[in-house]
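Trainee: I would like to learn how to read the packing of helices and the pairing of strands in a model. Could we go through one together?

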Amino acid sequence: MKQTGKKSSGQTAREVHDSPVLEAARQAIERLRMPVREKLEQIAAKVDGLRTQELPLEAAIKALKTPAKEPSKKRQKPSGSNVKQKDVIEACVKVLKEEHALKGAELEQKVRLYLKKDRGLSLLGYAMRFKEAMKTDVFAIIEDGVVVLSESVAVEENAAVAASASATVAN
């Protein structure tokens, strides 16, 4: 009797699910899926490599944009206040809005640079604050340690943008 994947009166649901026809279909689909996954992994590796190459170039461009300061004759005060978890979360959100997704180490490096250079904060305790921030519901860590904004943050942003757009249209 030829099996078509439909349940006949003598077959159980388990027998239909485990039928050779369905198994052959699963295997065929898996064979089609393997090259796609391999290509995806290759592309992800290329993206990681390019981002790694981009970081020093980005720092060099920023250094060229910043005007040179004359050295101060007075001893400079230590950097601003110590970094807080709230500061780290805000900085991570800012970076991820621009980059959308980054490996954890890369995000940590960009946020560190931002907090030190742009915000003038002391990085004392930064590593611990970064780890704590990554455990909040603001961020989601997906495959291979890639960090993205969690869906709840994206939904809140979209709602704010929609409200702003409707207010603009109303005016």
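Predicted model: local features only at pLDDT ≥ 70, side-chain atom pairs only at ≥ 80, totals over all residues.

Trainee: At what angle do α4 and α5 pack?

Mentor: Two packed helices are described by the angle between their axes and the distance between the axes. Axes are lines fitted to C-alpha atoms, for helices over the stretch in contact, and angles run from 0 to 180 degrees between N-to-C directions. Helices (H or I, at least four residues) and strands (E, at least two) are DSSP runs, numbered from the N terminus. Here α4 and α5 (residues 126–134) pack at about 125°, their axes 11 Å apart. They are therefore oblique to each other, given that angles under 35 degrees count as roughly parallel, over 145 as roughly antiparallel, 65 to 115 as roughly perpendicular and the rest as oblique.

Trainee: Which residues of α2 and α4 meet?

Mentor: The axes of α2 (residues 20–65) and α4 (residues 104–118) come within 11 Å and cross at roughly 10°, which makes α2 roughly parallel to α4. In contact (heavy atoms within 4.5 Å), R51, E54, L55, E58 and K62 of α2 meet E106, Q109, K110, K117 and D118 of α4.

Trainee: In which sense do β2 and β3 pair?

Mentor: Two strands pair if DSSP finds at least two bridges between them. Strands β2 (residues 139–142) and β3 (residues 146–149) pair in the antiparallel sense over four bridges, and I141 stands opposite V147 in β3.

Technical notes:
Residues numbered from 1 in each chain as written. Heavy atoms only, no water.
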